[in-house]
Amino acid sequence: MRKYIVRRLVQMIIGLFLVASVTFLMFRLLPGDPTASLLDPAFTVEIRETIIERFGLNEPIHVQYIHYLQSLVQGDFGRSFYYRRPSLEVLGDKIWNTLILMLSSMIIAYGIGVIGGMILSWKRGSKIEWGGITLGLFLRSAPMFWTGMLLIMLFAFNLGWLPHSGMRTPGYEAATTFAKFFSVDFLRHLLLPMITASLYFLGTPLLIMRNTMLETHGEDYIELSRAKGLSEWRIMILHAGRNALLPVITAGALFLGQALGGQVVVEYVFGWPGLGREIVLSAQRHDYPVAQTAFLFLAFMVMLMNLVADLFYSYLDPRVKLK
Amino acid sequence: MAVTTMPQTKSKSGFRRSLLEPFLDFVRRDRLALIGILIIVSFTLIAVFAPFLAPHDPRDMLRREDGTLARLDPPSLRHPFGTTNLGRDVFSQVLIGTRAALLVGFLAAFFVTLIGTNIGIIAGYYGGWVDSLLMRLVDILYAIPLIPFVIIMMALVEPSIWNVIWGISLLTWRTVARIIRSQVLSVSQRPYVKAARMAGCSDFRIMYYHIAPNILPLALLEMAFAVGWAITAEASVSFVGFGDPTVISWGQILHMVFLTGAIRTAWWWVIPPGLAIALLLIGVFFTARSLEEVVNPRLRRR
Amino acid sequence: MALLDVHDVEVTYRTKEGPLKAAEYVSFQLKKGDSLGLIGESGCGKSTMAKAILRLLPDNGQISGGEILFQGQDLAKLSPKEMRKLRWKELSLVTQSAMNSLNPVYTVGAQIVEAIRTHEAISRRRAWERAEDLFRLVNIEPSHLTNHPHELSGGMKQRAIIAMALCLNPSLVIADEPTTALDVIVQDRILQQIVRIQKEISSSLIYISHDISVIAETCDYVVVMYGGHVMETAPVREFFRHPSHPYSLGMQNAFPNLEDVDSELISIPGYPPDLLNLPPGCRFSPRCPFADSVCQQKQPDLHFIGTQHGTRCHFPDRAEAFRAQAKLPETWTERPAQGQRGVGA
């Protein structure tokens with residue numbers, strides 16, 4: 001098991017290296033000023049040229065590439081044009097904010113989705129099934145930023161129950177780290193974006209779980225479970241459910257990448273200070289070092305979550321031997 | 001044995017029979033599929049006839065009877081969906097926006113399917129290092145989240161609608177490739193493929209005359225889903241302001257509402273464009289879901 | 001009183017093309033401790049009967065007629081809850097493909113313990129101990145209880161299923177082709193175990209198979225089914241000495257005879273009946289070499305020609321003559337008189 005994790009981490013590093021290369025290419029080779037991603041437009045022409053000389057920006061592309069990789073390995077992710085601080089510093093907190101929002105919405109979405117999918121499959125052909133499928137498909141169709149706006153319109157502006165943006169009320173000082181994330185103020189701010197994201201994510205596990213449960217229904221061991229006189233609930237959850245869950249987890253791992261991307265718009269709508277929102281803002285500001293770094297971090301998070309999902313899957317399915 | 005495998009080697013008539021018939025059969029029975037197709041057809045008609053259906057030019061800043069700019073007017077007979085903060089007719093905008101959605105949706109889905117299916121066939125058929133190389137590439141692509149990628153691409157190049165389509169296509173083929181590849185792996189094991197190999201058929205012929213027709217249903221299914229992703233991606237990218245400013249798209253309309261802070265009051269400006277996206281996607285998903293039952297018989301009703 | 005009295009049972013499936021009678025007028029009895037072999041081709045209705053007795057028919061199937069009296073109760077009329085109480089405790093099932101009958105994500109031991117504890121209030125430890133005893137009974141190392149199904153060989157899985165079927169000492173065990181998926185040597189070993197165990201614990205057994213030699217080894221009685229009907233029923237010795245129904249005669253011919261290695265294998269020409277398109281008369285008439293016009297028009301009743309020996313034929317008294325003629329290959333290759341599907345693709 002340990003060997004497997006080590007090997008996967010090595011694969012991840014290679015993957016990161018490749019993604020970093022793709023990012024390098026994207027930012028350098030696309031039309032537009034190739035030095036724009038490094039030079040602050042506020043610099044004067046002389047300073048620009050000095051910097052170009054010093055950092056070898058006029059050198060051939062493969063030399064630049066090596067420099068790029070070297071600085072990445074040393075933890076130098078560039079300096080934000082906008083914030084005038086190292087990109088790493090700028091993005092540090094934001095990673096956690098994104099993770100909290102994403103994990104909480106995923107957990108709720110998958111919890112409801114899996115249970116809902118199980119129930120839908122058991123109630124084959126009934127109105128509940130039709131209703132459930134339609135609901136699931138609708139949830140997947142309504143774009144997150146739109147439902148976000150609707151929720152803001154209703155709960156923030158119309159009813160005034162919840163704040164419409166941000167992560168905390170300005171001026172609020174948290175006493176401890178615990179209070180930072182578990183205060184009522186924080187939770188009130190978290191509620192709407194989390195609901196928005198959960199609603200969207202919910203559709204996929206709901207429908208996939210229903211599909212896989214239907215496939216599991218016909219299995220011989222389900223028939224034998226009935227012959228053993230087990231209750232329908234037990235069969236549905238412990239026997240069919242446990243087996244049907246496996247493909248949902250696999251699909252979920254793939255879905256994580258999509259979810260992360262989609263979260264960009266949720267963070268944007270709710271002004272949630274996370275990685276996704278920062279990508280949009282930095283792209284708008286042409287603050288390329290930050291945009292580049294944020295992009296890399298997102299990719300890293302996707303890979304990490306895939307690894308976690310794989311480990312979780314192998315725990316659930318005893319047939320899978322991690323090679 | 002030979003009798004049963006013949007229809008599949010005669011690819012042209014074979015796949016038409018194996019694809020169209022069950023599909024039509026399903027559409028007749030499955031109410032959701034019918035609704036889905038109706039929705040898609042309606043939207044297509046709207047897109048084609050949009051300029052004639054729209055009561056006003058979507059960019060015109062219109063005036064009320066008293067001559068003032070028709071800012072943020074709630075829905076009325078003149079403006080069924082009200083007006084924007086600059087007096088533009090939301091209804092016309094939504095109608096015209098259909099074109100961008102369908103264009104991006106179908107084109108991107110088409111490219112995605114074209115690229116992904118071919119790569120899937122090549123990887124699955126040749127195996128070995130070709131397969132490893134291509135799948136490694138797919139794995140890397142999987143780590144890159146779609147919407148941030150397109151956003152950054154649009155920030156670096158000119159944000160035109162075609163670049164949006166390319167940006168989406170460049171990444172999304174990864175899913176299709178993987179799914180098609182595993183299907184190709186199993187189809188390659190079938191007797192008639194092995195027979196064709198032994199008979200000396202060229203690789204190209206085997207891949208495209210024997211294997212391809214059998215994975216076509218799956219490819220079309222993936223294409224249906226890809227339409228959904230493409231439309232969502234384009235809307236999201238336009239919403240955060242990186243869409244083509246010269247093209248009216250639903251995402252772009254919502255971008256303007258949000259930017260101007262009009263969501264506090266102008267519900268008529270917010271609801272229709274989003275609803276249009278949701279409806280179109282529902283149509284696509286309903287249809288795709290039924291296609292899924294055709295492709296995977298275990299999901300069918302007994 | 002018989003432990004199981006199946007009386008005139010009819011099972012109907014609702015299909016797209018209309019109602020399909022998978023079993024009709026099926027009757028047989030079983031006393032405590034006896035074993036009954038249910039034999040026939042695929043689609044003859046034997047598995048349907050097994051499912052009907054256990055009330056495990058799929059959603060589109062139902063018992064449309066008759067009674068299934070088990071220990072005096074009519075199983076066909078019980079509520080799902082009552083049936084669930086009976087299942088496994090009194091009536092258990094050994095299935096055909098142990099490959100798929102065990103849940104892959106749980107250990108075998110856990111699945112047996114689950115079966116035990118669903119019906120009996122005993123501790124997990126005690127249930128586990130019983131599972132160990134059961135494994136010893138079927139000759140598996142008790143340590144294998146902690147294995148997952150995919151870690152066991154085919155033969156071991158099958159024996160595990162048998163052990164599980166016996167865990168509550170049921171009065172009746174239904175074995176649905178339990179050895180079909182195994183290779184011959186393992187098959188033989190398992191058959192011997194089944195016979196031995198059955199004698200030891202005196203459960204009644206219904207053994208379903210399409211292999212007549214297996215039935216010969218394990219059962220006290222034989223019930224032959226074809227096209228959803230019972231064609232012949234007899235004690236096993238009587239059946240092999242004096243088979244009386246033309247179908248049984250054909251079946252016996254189709255299996256190799258170790259004593260007479262040179263004798264030809266004669267198969268019954270034709271195909272099993274299409275249950276949606278049944279002939280009005282005897283279901284076997286299209287393929288029967290002795291069929292007459294009355295056979296094609298009228299369904300025969302089950303006539304009793306000896307103690308507990310019944311045959312569903314219009315000519316039960318000609319059994320002796322049939323037996324002699326059936327041994328000759330020409331009887332089966334020459335087509336009988338009018339319209340039936342015969343030899344050839």
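In helix H11 of chain A, the buried residues are A:Leu275, A:Gly276, A:Arg277, A:Glu278, A:Ile279, A:Val280, A:Ser282 and A:Ala283; a residue is buried if 20 or more other C-beta atoms lie within 10 Å of its own, exposed if 12 or fewer, and partly exposed in between, with C-beta atoms placed from the backbone. Welcome to a predicted model, in which local features need pLDDT of at least 70 and side-chain atom pairs count only at pLDDT 80 or more, while totals for chains, interfaces and linings use all residues. Residues are numbered from 1 along each chain as its sequence is written, and chains are lettered from A and ligands numbered from 1 in the order in which they are written.

**Helix H11 of chain A**

- This helix spans residues 275–285 and is mostly covered, with 8 of its 11 residues buried.
- Helices and strands here are DSSP runs numbered from the N terminus (H or I, at least four residues, for helices; E, at least two, for strands).
- The buried residues of H11(A) pack against helices H4 (87–122), H10 (232–270) and H12 (288–316) of chain A, together with H6 of chain B.
- After H11(A) comes A:His286, which has a positive phi, near 60 degrees.

**Where chain B meets chain A**

- On the chain B side, 35 residues are in contact with 44 residues of chain A; two residues are in contact if their C-beta atoms, placed from the backbone, lie within 7 Å.
- Two or more residues each come from H5 (128–143), H6 (146–156), H9 (203–239), H10 (250–259) and H11 (267–295) of chain B.
- H11(B) gives the largest share of this side, 9 residues.
- By type, the chain B side has 28 nonpolar, 4 polar and 3 charged residues; Ala, Val, Leu, Ile, Met, Phe, Trp, Tyr, Cys and Pro count as nonpolar, Asp, Glu, Lys and Arg as charged, and the others, Gly among them, as polar.

**The build of chain B**

- Chain B has 11 helices and 0 strands.
- Of its 302 residues, 49% are buried.
- Among contacts in chain B between residues at least 6 apart in sequence, 72% join residues at least 24 apart.

**How H11(B) packs inside its chain**

- H10(B) and H11(B) pack at about 155 degrees with their axes 9 Å apart; axes are lines fitted to C-alpha atoms, for helices over the stretch in contact, and angles run from 0 to 180 degrees between N-to-C directions.
- That angle makes H10(B) roughly antiparallel to H11(B) (under 35 degrees counts as roughly parallel, over 145 as roughly antiparallel, 65 to 115 as roughly perpendicular and the rest as oblique).
- The residues of this contact divide into 9 nonpolar, 1 polar and no charged.
- H9(B) and H11(B) have axes that come within 9 Å and cross at roughly 165 degrees, so H9(B) is also roughly antiparallel to H11(B).
- Among the residues making the H9(B) contact are B:Leu221 and B:Phe225 of H9(B) and B:Leu281 and B:Phe285 of H11(B).
- That contact holds 18 nonpolar, 2 polar and 1 charged residues.

- The complex receives an ipTM of 0.83 and a pTM of 0.77.
- Chain B averages a pLDDT of 83, and 88% of its residues score at least 70; pLDDT is the predictor's confidence in each residue, from 0 to 100.
- Chain C has a mean pLDDT of 85, with 93% of its residues reaching 70 or more.
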